[in-house]
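Hi everyone, thanks for making the time. I'd like to walk you through one chain today, so please have a look at it before I start talking.

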Amino acid sequence: MESVPCPACSTFFVPRNKSQGFCSKPACQRIRKALWQKQKLASDPDYKEGQRLSQKKWLQNNPDYWEKYRRRNPKKANRNRVLQKIRNMKQQHPPKPSKTFGIAKMDSRKSSLQSLSGQYWLIPTVAKMDAVKIFIATVPINPS
Ligand SMILES: [Zn+2]
């Protein structure tokens, strides 16, 4: 069989059969399963309800899980706080649909580049990855 690129890691691999879309690396298989589960939760109400009940039961047996998780993973806890703030802001101020398309803004910024300076969080929305804090600063153009 011909080698194909893995959509998760972009490396080429030889699939075992026609339906294998992702390579066999554990990280890529986790992404494949997460995508499958996301699709399954969206399309199968019985599966969704079963997952909800299962998670509820598990959490009743492990009531201090999230407290310990936040203590063990301060970076992830902080990322989740940032994402929740963004979700809260989106709920309070929903974006105007005429100005946005997909994830990019259609109207490019031509003036006031100075106002872009500051600290931002780059937050992946497709795969589960850590958010990255970045700093954007404007560089003055040297006319010489
Ligand atoms: Zn892969």
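Let's start at a strand pair: G118 stands opposite I136 in strand β6. Keep in mind that what you see is a predicted model.

The next pair along is Q119, which stands opposite F135 in β6.

Which residues does I136 touch, leaving aside its neighbours within four places in sequence? The contacts are L116, S117, G118 and Y120. There is also Q119, 17 residues away along the chain from I136, with 6.4 Å separating the two C-alpha atoms. And is I136 buried or exposed? I136 counts as exposed, because there are 10 C-beta neighbours inside 10 Å, and exposed means 12 or fewer.

Strand β5, residues 118-122, is hardly covered, with a count of 0 buried residues among its 5. For β6 the count of buried residues is 0 among its 5 residues as well.

Now let me zoom out. The chain holds 4 helices and 6 strands, and from the N terminus the order is β-β-α-α-α-α-β-β-β-β. So how much of the chain is buried? Of its 144 residues, 3% count as buried. As for contacts, take those between residues at least 6 apart in sequence: 16% of them join residues at least 24 apart.

Helix α2 is hardly covered, and the count of buried residues among its 17 is 0.

Helix α4, residues 74-92, gets the same check. Its 19 residues should span 27 Å at 1.5 Å a residue, and the end C-alpha atoms are 27 Å apart, so the two values agree. Helix α4 is also hardly covered, with 0 buried residues among its 19.

From A77 to W66 is 11 residues in sequence and 9.6 Å in space, C-alpha to C-alpha.

Next, a backbone detail. Most residues other than glycine have a negative phi. S10, though, has a phi near 65°, a positive value in a residue other than glycine. Where is S10? You will find S10 in the loop between β1 (4-5) and β2 (12-13). S10 is exposed, with 9 other C-beta atoms within 10 Å.

Finally, a word on confidence. The chain averages a pLDDT of 84, and 77% of the residues score at least 70. Which element has the highest confidence, and which the lowest? The highest is α2, at 97, while the lowest is strand β3, residues 100-101, at a mean of 50.

That's my tour, and I'm happy to go back to any part of it.

How values were computed: Residues numbered from 1 in each chain as written. Predicted model: local features only at pLDDT ≥ 70, side-chain atom pairs only at ≥ 80, totals over all residues. Buried ≥ 20, exposed ≤ 12 C-beta atoms within 10 Å, placed from the backbone. Helix = DSSP H or I, 4+ residues; strand = E, 2+ residues; numbered from the N terminus. Contact = placed C-beta atoms within 7 Å. Pairing = 2+ DSSP bridges. Expected span 1.5 Å × (residues − 1). pLDDT = per-residue confidence, 0-100.
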